[in-house]
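Hi there,

Here is the structure I promised to pass on to you. Have a look at it first, and then read on for what I found.

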Amino acid sequence: MAPRGLSAEEKRVKLLEIFHETQDFFQLKELEKMGPKMKGIVSQSVKEVLQSLVDDGLVQGDKIGSSNFFWSFPSQRGAALNARLSTTREANINACKQIEVLKESIAEAKSRRPESAERTEKLETLAVLKGELAGLQSELAAYGACDPARVEEARRGVTLAREAALRWTENFGILLSDFTRMTGVEANEVRKMLDVEDEYEDIL
């Protein structure tokens with residue numbers, strides 16, 4: 001079975017050990033050679049591991065001339081951990097303060113609306129009324145055809161249709177009169193030819 005590779009955290013620890021054990025300054029290319037030999041860290045991963053340590057403040061880096069050098073001493077690790085612990089504690093204190101403010105706001109709101117038999121009764125009545133309103137709205141939706149607004153809309157539609165029918169009836173009468181006057185044909189004959197009943201003008 002092939003040996004298990006180092007995890008990301010194990011690589012960080014071992015690379016940091018190189019600095020602490022040697023207490024020296026190194027360039028990246030030096031660490032890429034030392035990592036595999038001293039700690040079994042694959043050289044291709046040294047750069048990424050080193051950057052993560054720099055980002056966390058566990059390794060310091062600076063450019064001297066044209067080269068970048070990196071270093072870390074045991075005291076730096078403790079300082080970095082203390083700084084992180086201090087930040088965490090401060091965040092915890094702020095969170096506790098916010099919780100206390102929220103508790104006070106809740107208590108103040110409750111004091112303005114103290115529980116009483118009258119208030120409880122009113123809340124129960126409100127819940128009942130809301131339920132009845134929901135039921136009525138559902139019933140109204142089921143009988144939408146009886147909605148006053150829809151009834152009025154239908155009434156307007158009927159009125160418009162009647163007015164249109166009256167116009168067409170009037171136009172037919174005018175045309176029939178002109179046609180019989182110009183041709184001498186009796187109106188009854190024209191009606192029979194067009195299959196129009198005598199009561200046509202009375203249907204409205």
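Along the sequence, the elements come in the order α-α-α-β-β-α-α-α-α. That gives the protein 7 helices and 2 strands; helices (H or I, at least four residues) and strands (E, at least two) are DSSP runs, numbered from the N terminus. Residue numbers start from 1 along each chain as its sequence is written, and the side-chain values use heavy atoms, with hydrogens and water left out. Please keep in mind that this is a predicted model, where local features need pLDDT of at least 70, side-chain atom pairs count only at pLDDT 80 or more, and totals for chains, interfaces and linings use all residues.

Of the 204 residues, 17% count as buried. Here buried means under 20% relative accessible area, exposed over 50%, and partly exposed in between (1.4 Å probe, protein chains only). Among the contacts with a separation of 6 or more, 47% are between residues 24 or more positions apart; a contact means heavy atoms within 4.5 Å.

Now to helix α3, which covers residues 43-55. Which of its residues are buried? They are S45, V46, V49, L50 and L53. These residues lie on the same side of α3 because they cover an arc of only 145° around the axis, the arc being that of the directions from the helix axis to the C-beta atoms. On the face turned away from the buried side, α3 carries the exposed residues Q44, K47, E48 and D55. The buried residues of α3 pack against α1 (8-22), α2 (28-39) and β2 (67-71). After α3 comes G57, which has a positive phi, near 80°.

V46 counts as buried because its relative accessibility is 0%. Leaving out residues up to four places away in sequence, V46 touches L15, L28, L31, E32 and I41. The C-alpha atoms of V46 and L28 are 8.0 Å apart, and 18 residues separate the two along the chain.

Next, how do the helices pack? Two packed helices are described by the angle between their axes and the distance between the axes.

Take α2 and α3: their axes come within 8 Å and cross at roughly 120°. (Axes are lines fitted to C-alpha atoms, for helices over the stretch in contact, and angles run from 0 to 180 degrees between N-to-C directions.) That angle makes α2 oblique to α3, since angles under 35 degrees count as roughly parallel, over 145 as roughly antiparallel, 65 to 115 as roughly perpendicular and the rest as oblique. In this contact, L28, L31, E32 and P36 of α2 meet S43, V46, K47 and L50 of α3. By class, the contact of α2 with α3 has 5 nonpolar, 1 polar and 2 charged residues. For these classes, Ala, Val, Leu, Ile, Met, Phe, Trp, Tyr, Cys and Pro count as nonpolar, Asp, Glu, Lys and Arg as charged, and the others, Gly among them, as polar.

For α1 and α3, the angle is about 80° and the axes are 10 Å apart. That makes α1 roughly perpendicular to α3. Here K11, R12, L15, L16 and F19 in α1 meet S45, V46, V49, L50, S52 and L53 in α3. The contact of α1 with α3 divides into 7 nonpolar, 2 polar and 2 charged residues.

Finally, α1 and α2 pack at about 100°, with their axes 10 Å apart, and are therefore roughly perpendicular to each other. K14, L15, E17, I18, F19 and E21 of α1 make this contact with L31, M34, G35, M38 and K39 of α2. The contact of α1 with α2 has 6 nonpolar, 1 polar and 4 charged residues. In the loop between α1 and α2 sits Q23, which has a positive phi of about 50° although Q23 is not a glycine.

Happy exploring!
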